[in-house]
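Here are some points to keep at hand while looking through this structure for the first time.

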Amino acid sequence: MVHEYEAVVVGAGGAGLYAALEASKKVKTAVLSKLYPMRSHTGAAQGGISAALGNLEEDDPDWHAFDTIKGGDYLTDQSSALLLAEDAIRAVVDLENRGLPFNRTAEGKIDQRRFGGHTRNYGEEAVRRSCYAADRTGHMILQTLYQQCIKSEVSFFDEYHVVDAIIEGRRCAGVVAVELSTGEVHLFKAKAVLFATGGFGRMFQVTSNAYANTGDGPAVLARRGVPLEDMEFFQFHPTGIRGMGILITEGVRGEGGILRNRKGERFMERYTPTLLDLAPRDIVARSIISEIRAGRGALGDGSVDDYVLLDATHLGKDVIESKLPDIAEFCRTYLGIDPADRAIPVMPTAHYAMGGIPTDLDGRVLADERGNLYEGLYAAGECACVSVHGANRLGTNSLVDLVVYGRRAGISMGTYAQDNLFTPVPKDGDAEVRLFIEGLMNEKRKLHGDSIRREMQSVMMEKFGIYRNGTDMQHAVARLAELRNGFNEVGARFRGRRFNTDLTEIIELRNLLDLSFLTAHAALNRQESRGAHSREDFPDRDDKNWLKHSLIRFEGSGVSIGYRPVDISKWQPKPRKY
Ligand SMILES: Cc1cc2nc3c(=O)[nH]c(=O)nc-3n(C[C@H](O)[C@H](O)[C@H](O)COP(=O)(O)OP(=O)(O)OC[C@H]3O[C@@H](n4cnc5c(N)ncnc54)[C@H](O)[C@@H]3O)c2cc1C
């Protein structure tokens, strides 16, 4: 079936919904989502959204921008961070006006709490900058934006899985999607397409990300020749539930929770004496591993099962139940403990992709190192890289990225679609996808994807986790290439058309394999340690050679890597001390 919309948004998380809301003011807009919008992963965001409102203590957008840049280990484009911090205030007030039920202070202002790496006066001490709705902030954002989209008559295609993009030269003309309930292939012609497909934490064994976070947008575009930026930087959040990866929000530490080792020591005093438990995530995650390696984990044996404790018992039941109700529930459900009575066993968990589809400040996708742009192709949210998080994202800066840059991208795509004609799409524009799916349903393809997925996830976890080294990564890259080749033998065991989740998982596996391969190559290539990319064989940051963004693309059976300069227009890089 063929559809025609002036603007097509792929993804119904915070970024996609905000973009659709803006685009729909100007042109006929459709949102395609493989999940029901309310199930998008934005709904899992717990801790809050940052904005220097200064409701409880003095704050300044300039401090917010500085923290974002220092937190990103100076790989952040400074114009992106300045714009984010400045516009965050308008964005949060806008969400409030649209009906988002933020927690309130006694005077009725939006309440704010502390979060990792957010400071007053350029690093003096932690500041209250995170606006929150209990520990359900993302859920509230989704509800608010979805209702607004319905009001604005955005068309929704729920449970449509986008498998390919139609790109003619440097111009995007539409997408091809599978309708999950029927298995039918649909061609969507569009003047402008925006990808907002979220993260890809599922390439790791232990992750806070949902099963659907398989990086479909970046993988689809990479196969169509679009370069991906800074893929070597993947964030591990310090506090996932031990062994499961389910997230315990930084909001627990923001409310006063403390990380302790087996001796009961507040070990962050050793690593970041000023910000303590509220240092940026890359540093806290490495500190946890250092404690475990030194035999001070809870088990004391330094094994992969070892962990540390997040102590919130001193906060009291009232604070926990009113400000962190979902966390309390997670602890009861998954651990059988009450965080008001017992400390939570935690370990770092794969959490957030700093890299992705490269864009300018208006969400337009970059085609190369020189800054040339695609026409009619946009990206926003976690799948995009507007270079605002650099080498390490600060907590609460993703939700604000969604609404600031999602909005800008939506405005920009709406204008573009208004001013331009449809690009002609070949009649058989969906032929490749039909062939691909028929191939996966062919009974000659005997291999099931499970074994490949499991091995990919364990290779990524062990060799591209918190610490990395060249020798291990070299072997791992070769193994990932073999796993990618193995995909050619993978076929669906179930061959029905309706809700064939077996087929969906295989399509997603190809995306994860492609992104793992690119991430691995990019990590092996960067010979320094910066932010979340920490190499044992190159332990120092090397600004002379590596203060630059990487752009990686497929070339034959391998990759090619180019570079783009970092915008350091305001603050010169300094050593990162907290
Ligand atoms: C547990 C957890 C807690 C977090 N807490 C916070 C927090 O407190 N503050 C903060 O700032 N950040 C937080 N983050 C990060 C933040 O929530 C995410 O980065 C952000 O929500 C991603 O939003 P998005 O719009 O880019 O994508 P998502 O919300 O993940 O939405 C992706 C959308 O794309 C659709 N999609 C994907 N692939 C396809 C396809 N092939 N075809 C069609 N549709 C597709 C999906 O259906 C979905 O609608 C948290 C993350 C996690 C995992």
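1. In this predicted model, helix α12, which spans residues 431-441, has Val433, Phe436, Ile437, Gly439, Leu440 and Met441 as buried residues. These buried residues pack against the strands β7 (160-168), β8 (171-179) and β9 (185-195), and also against helix α15.

2. In soluble globular proteins, nonpolar side chains tend to be buried together.

3. How do the axes of α13 and α14 cross? Helix α13 (residues 449-463) and helix α14 (residues 470-486) have axes that come within 10 Å and cross at roughly 165°, and the two helices are therefore roughly antiparallel to each other, since the angle is over 145 degrees. The crossing in which α13 passes α14 is left-handed. On the side of α13 the contact is made by Ile452, Glu455, Met456, Val459, Met460 and Lys463, while α14 brings Asp472, Met473, Ala476, Arg479, Leu480, Leu483 and Gly486. Sorted by class, this contact of α13 with α14 has 8 nonpolar, 1 polar and 4 charged residues.

4. The pair α2 and α3 packs at an angle of about 140°, and their axes are 8 Å apart; these two helices are therefore oblique to each other. Their crossing is right-handed. From α2, the residues in the contact are Pro61, Asp62, His64, Ala65, Thr68 and Ile69, and from α3 they are Gln78, Ala81, Leu82, Leu84, Ala85, Glu86, Ala88 and Ile89. The contact of α2 with α3 divides into 9 nonpolar, 3 polar and 2 charged residues.

5. Helix α3 also packs with α11, at an angle of about 90° and with the axes 9 Å apart, which makes α3 roughly perpendicular to α11. Here Ser80, Leu83, Leu84, Asp87, Ala88, Arg90, Ala91 and Leu95 of α3 meet Asn397, Val400, Asp401, Val403, Val404, Tyr405, Arg407 and Arg408 of α11. By class, the residues of the contact of α3 with α11 are 9 nonpolar, 2 polar and 5 charged.

6. Asp73, although it is not a glycine, has a positive phi of about 55°, and its place is in the loop between α2 (61-71) and α3 (78-97). Thr396 is likewise not a glycine and has a positive phi of about 75°; this residue lies in the loop between β18 (384-385) and α11 (397-419).

7. Leaving aside residues up to four places away in sequence, Asn213 touches His41, Gly199, Phe200, Gly201, Arg202 and Leu512.

Technical notes
Residues numbered from 1 in each chain as written. Predicted model: local features only at pLDDT ≥ 70, side-chain atom pairs only at ≥ 80, totals over all residues. Heavy atoms only, no water. Buried < 20%, exposed > 50% of the residue type's maximum accessible area, 1.4 Å probe, protein only. Helix = DSSP H or I, 4+ residues; strand = E, 2+ residues; numbered from the N terminus. Contact = heavy atoms within 4.5 Å. Axes fitted to C-alpha atoms, helices over the stretch in contact; angles between N-to-C directions. Parallel < 35°, antiparallel > 145°, perpendicular 65-115°, else oblique. Left-handed = near helix turned anticlockwise from the far one by under 90°. Nonpolar A, V, L, I, M, F, W, Y, C, P; charged D, E, K, R; others polar.
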